[in-house]
Each structure stands twice: as C-alpha cells, then as structure tokens.
Amino acid sequence: MENPFKFGGIVRGPHFADRRKELDELVGEMKNLGRIFLVSPRRYGKTCLLFNLIDRLTELGFATVYIDLNAYPDIKSVAGAITNLTCRALESNADKLMKIFAGLQRLRPKASVGRDGTIEVGLEVSVEEKEALPALLEGMSHANKLASRKRKKTVIIIDEFSDITKYNGQTLEKALRSEIQKHEYIGYIFSGSEQSVMLSMIRDRKRAFYKLGRVMELGLIERKTYTDFITRWLKKGGYRIQPHDLQKIFEIGMDVPHNIQRLCNIMWELARKNRNVTHGLIAKLPEVIAGQDSPHYEMLWHTVSQLQKVLLISLSQEPAAKPFSREFQMKYGIGPSSSVKASLDSLMKKGILFKSIAGTYQFSDSFMPYWINLIRHGIYR
Ligand SMILES: Nc1ncnc2c1ncn2[C@@H]1O[C@H](COP(=O)(O)OP(=O)(O)O)[C@@H](O)[C@H]1O
Ligand SMILES: [Mg+2]
C-alpha cells in the first residue's frame, strides 16, 4: 500500500486530515461572497485548506482563482495573472477568451509555447510600470463584470497576501480596497503567514484594508481528530501501534500539521516490514528527519555568526529560555544584550527563528534543534 501520509506540496482528498469545520465555514462565507483574511503561522495548512476549498467550491459550481503572490515579482505580473486566471475561470471558449483579452486596454495577449509544445496564451501589461496599477484595477473590474454577465459566483484567493507590502504598498492597498468593495460577484480570501503584518493591515485604522473583511485564524488540528485520521490509515495498512505512543508524535511535532505528516510518513516507511510501530521507533523519528535534512541545516549553519550559533545551541537545549536575562547570558557566556538582540533579529530575518505570541524564540523548523543536538554529540563532524 502506498504511503498515505503526504507532506510538502498540496495534500488533497482522503489524504487531507480534518479541517471540516473550517471548510464548512469558508464555503458558507463564499456562498455570501464574503471577504476573509486567513491567518496562521507557516505550515499549519492554509494552502492545503484553500485547495480543498477550491475542490468543494468547484463542485458547487463556483468559478475559482488561486494566485500566490510569492510567484509574482511586481504589480505588472500580478495584474496579468489575476486577469488571465479570472477570465479563464469564467470563459472556457477560446475564441471568446481572445475577444475578451483583445478588449482590454492595458493588457495584451501574449502567446508562448508551453512545455508540451502547445501554444498558451497569457496576458502581459503592455505599458510601463506606472501603468501597472491601473492595469490591475482594469483587470479586476473586468473580472467582476464578466462574473456578473455570466451570473457566476466567483472566488479569488490570494495566498501569501502579506507579500503585498513588497510592491511598495499604500497606494496599491488603497486602490485595491476601493476596487474590491465594488465587486458584487466576487468573494475574496486573503491568506498569509506573516501574522503581525496581516493583522496590522486589517486592524490598524490607518491602513487601507481596515475591517475590509473578517479574520479567520487557522489553528492547529485537534489531537483527537488527527489521532482518528492517523489511526484509520494505520489500521488500513495493517500497522499496530499503542495509542499513547501515537500521542508522542504530537509532542515531537508540536502539533504542526506539516511536522505530523512528515513524522507519520517516515514512521510508515520504517515500520513497513513488520508493521509494528514501537515506542523506540517513534523516539527515533525526529533524528531520522534531522539526518535527512542535514545538508539544508549545514548550509544555514554556514550563514550564521559565532554568537548566533551559541544562541541556536542554547535555544535548542532550552526552548523557553529568555535570551535577554542576565542569568542566561552568564550561563552561555554571551552579551551584551544589544548584540544578542542584533543576533536574534538576524536569525529571525533569515527565517531560522520566529518569535512566538508568548514572546519566546522558537525554531521555524522543529527538527533543527535535533540536528544541532546531533552535531553537538559529534555525529556529523
Ligand atoms: N489538513 C491536513 N492534512 C494533511 N496534511 C496537511 C494538512 N494541513 C497541512 N498539511 C501538511 O502540511 C504541509 C504544509 O501545509 P501548507 O498548506 O503548505 O501550510 P501553509 O500554507 O499554512 O504554510 C503540507 O504540505 C501537508 O503535508
Ligand atoms: Mg502556504
């Protein structure tokens, strides 16, 4: 039997765990063409949730568009992509599509040869950068008109929306807000992992997106539901496991769906032979993963300073440590606080650490502390 625990990329259908309530809620909101800001830390499963939502909405007859701002370096390319994708979602007839494209003022069709040799038609902004924003607004307004003409409820999902600040923000945000507010046939979901950026965009009165929509904070999957999901698959595969041993997986993976999936995936492989998942096997999993990702960690390790290394080592031993306390600095022989602060800031900028809501510094990758432990004990060097 194929390994049922998928990780990395989009997980769909029977391999997608739970999120029933969230899906129902989002479907309900989209039936009313609402506007939702979906917020959570990375790897909690926003993108997967959105793709499963798209499957549901498609069944219900919605037109759907998904774009990930990460993939677009400038407003010009966003304008092209949003317009192209919404028109395609709403018009399947190629001739009519070309007519629509030809009717746009600031965007023009651009043909390119696809990987399989077929001709693909996309859209590009035919004007200079300063016209990019009007082009985006033209495309969006056009999408709304098309949706209304077709009487088709449409949902536009913008993922990694916090990236929008990179396009030199305020004017764009203001213009987008006033355009979006006019749309009667389009529901919107803005999804983002930079929680503080997202929340300040929506909760700060001075910002353009203030109260434009409802915030939905995506939490972790409940242990009980996730346990049922895992147990069902294990049973199907003929695996034996003690329930309290399975709970250990949630502790190691800190309940983050990406981690849990990865741990279960390896557990499945390691126990393939005798189908017996033991306590010892589970305890070994994080080190196996740390070993697999070792090249990646090594590369990161080379980019950090000596003080940053000391901080990472100490945080891997004491996850709840307070790096600014005298006690901590004495214990690890570091200081003054100003250089500790600069180092922590740099580690956060590199994406190695993040600051939790409780104010502690956490590893973005929960398996990195295990790798640090391994090198400390001379396993790799
Ligand atoms: N409900 C779920 N069921 C199964 N796996 C999931 C689920 N949610 C997330 N994952 C796993 O976590 C990984 C990261 O999820 P992703 O949707 O990319 O998170 P985010 O967009 O919040 O960063 C996925 O590749 C998948 O392996
Ligand atoms: Mg994502």
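**View 1. Contacts across the chain in the predicted model.** Among contacts in the chain with a separation of 6 or more, 70% join residues 24 or more positions apart. The chain has 381 residues, of which 32% count as buried. Its secondary structure comprises 16 helices and 11 strands. The C-alpha trace spans about 65 × 55 × 40 Å along its principal axes.

**View 2. The open parallel sheet of 5 strands.** The strand order is E2-E5-E6-E1-E7. Strand E2 (63–68) and strand E7 (214–217) each have a single partner strand and stand at the edges, so one side of each lacks a neighbour in the sheet. On average, and with direction ignored, neighbouring strands are turned by 20 degrees against each other.

**View 3. Pairing of strands E1 and E6, with helix H2 packed on the sheet.** Strand E1 (residues 35–39) pairs with strand E6 (residues 186–192) in the parallel sense, over 5 bridges. Within this pair, Val 39 is placed opposite Gly 192 of E6. Helix H2 touches E1, E2, strand E5 (154–159) and E6, and its direction makes about 165 degrees with that of E2.

**View 4. The shell around ligand 1.** Ligand 1 is surrounded by 21 residues, the closest being Ala 17, Gly 45, Lys 46, Thr 47 and His 258. Helix H2 (46–59) and helix H10 (257–270) are the elements that contribute two or more residues to this shell. By class, the shell holds 7 nonpolar, 8 polar and 6 charged residues. Domain 1 (19–217) and domain 2 (223–290) each supply at least three residues to the shell.

How values were computed
Residues numbered from 1 in each chain as written. Chains lettered and ligands numbered in written order. Predicted model: local features only at pLDDT ≥ 70, side-chain atom pairs only at ≥ 80, totals over all residues. Near = placed C-beta within 6 Å. Helix = DSSP H or I, 4+ residues; strand = E, 2+ residues; numbered from the N terminus. Nonpolar A, V, L, I, M, F, W, Y, C, P; charged D, E, K, R; others polar. Domains from an automatic or database assignment. Buried ≥ 20, exposed ≤ 12 C-beta atoms within 10 Å, placed from the backbone. Contact = placed C-beta atoms within 7 Å. Pairing = 2+ DSSP bridges. Axes fitted to C-alpha atoms, helices over the stretch in contact; angles between N-to-C directions.
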